[in-house]
Amino acid sequence: MSKEQRVLRYVQQNASRGDPDSVLAAVDKFGWETEWAMNVGDVKGLILDRFVKETAPQTMLELGTYMGYSAIRVVRLLPETAKFLTVEFNPENAAIANEMIAFAGLQNRIIQITSDSADVIPQLKKKYDVDTFDMVFIDHWKDVYVRDIKLLETNNLLRKGTVVVADNIINPGAPEYADYVRTCGKYDSTFHESNFEYSDDIDGLEKSVYRG
Ligand SMILES: Nc1ncnc2c1ncn2CCCCCNC(=O)c1cc(-c2ccc(F)cc2)cc(O)c1O
Ligand SMILES: [Mg+2]
């Protein structure tokens, strides 16, 4: 059984079906007490919650679903009318996420796409009926963050005020991305220091507002 399957089983045995907060609490408890996993987690998650509440996005994209933890974390704060798309490359993890999201009762609120983000981003307008995104959360392979934010720009998926949040700026690090958003002149970018998931190590989120 994979680590991700063990986390899903723990959630199914310890959380309440249809209760997103209990699912998040179970994943976090497992992450702190049993096995570390690369969810954004409860500490950085509180900062992400604040950004979501401040932005109140009607359309949002996530790159890197993993087990669905951040998708559940975000969508639990959004109205029923909001549109949330999440892209995962790894089919095994996408399947775990599908079950985790269903257990949380949010399967009708989250559109899961299993694909390489580079293939999906150019299709979002036509195939997924997207105009522009109000918010984006980037949490997939750290060395493709820059490629993908540039793809979002060139595919006209960002608008003046779009809030782009990126995980793991310190650990494992996304230095090329941080440099790009801070110096290219297209974003008002701020770094929010925090802790690495289920750890006392340092990490942080970058919040970059597109100038349009
Ligand atoms: N082109 C694409 N499109 C969509 N998904 C795609 C993709 N390409 C890949 N994926 C699927 C995501 C792969 C996982 C991404 N996340 C990470 O790699 C990640 C790693 C750590 C970590 C840090 C220190 C360590 F010692 C060990 C691990 C922490 C985190 O918070 C993380 O988010
Ligand atoms: Mg991450």
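User: Where does ligand 1 sit?

Analyst: This is a predicted model, in which local features need pLDDT of at least 70, side-chain atom pairs count only at pLDDT 80 or more, and totals for chains, interfaces and linings use all residues. Residues are numbered from 1 along each chain as written, chains are lettered from A and ligands numbered from 1 in written order, and side-chain values use heavy atoms, without hydrogens and water. A molecule sits in a pocket if more than half of its atoms lie within 2 Å of its grid points; a pocket is an open set of points on a 1 Å grid over the protein atoms alone, where a 1.4 Å probe fits, with protein on both sides within 12 Å along at least five of seven lines. By this criterion, ligand 1 sits in the largest pocket.

User: Which residues are the protein donors of the magnesium ion (ligand 2)?

Analyst: Donors are N, O and S atoms within 2.8 Å of the metal (3.2 Å for Na, K and Ca); water is not among the atoms, so sites may look incomplete. Along the chain, the donors follow the spacing D-x27-D-N. Lying 2.0 to 2.2 Å from the magnesium ion, they are Asp139 (OD), Asp167 (OD) and Asn168 (OD1).

User: How many nonpolar, polar and charged residues does the shell around ligand 1 have?

Analyst: Ala, Val, Leu, Ile, Met, Phe, Trp, Tyr, Cys and Pro count as nonpolar, Asp, Glu, Lys and Arg as charged, and the others as polar. In the shell around ligand 1, the classes number 6 nonpolar, 5 polar and 7 charged residues.

Key:
1 Å grid on protein atoms, 1.4 Å probe; cavity = no way out; pocket = protein on both sides within 12 Å on 5 of 7 lines; lining within 4 Å.
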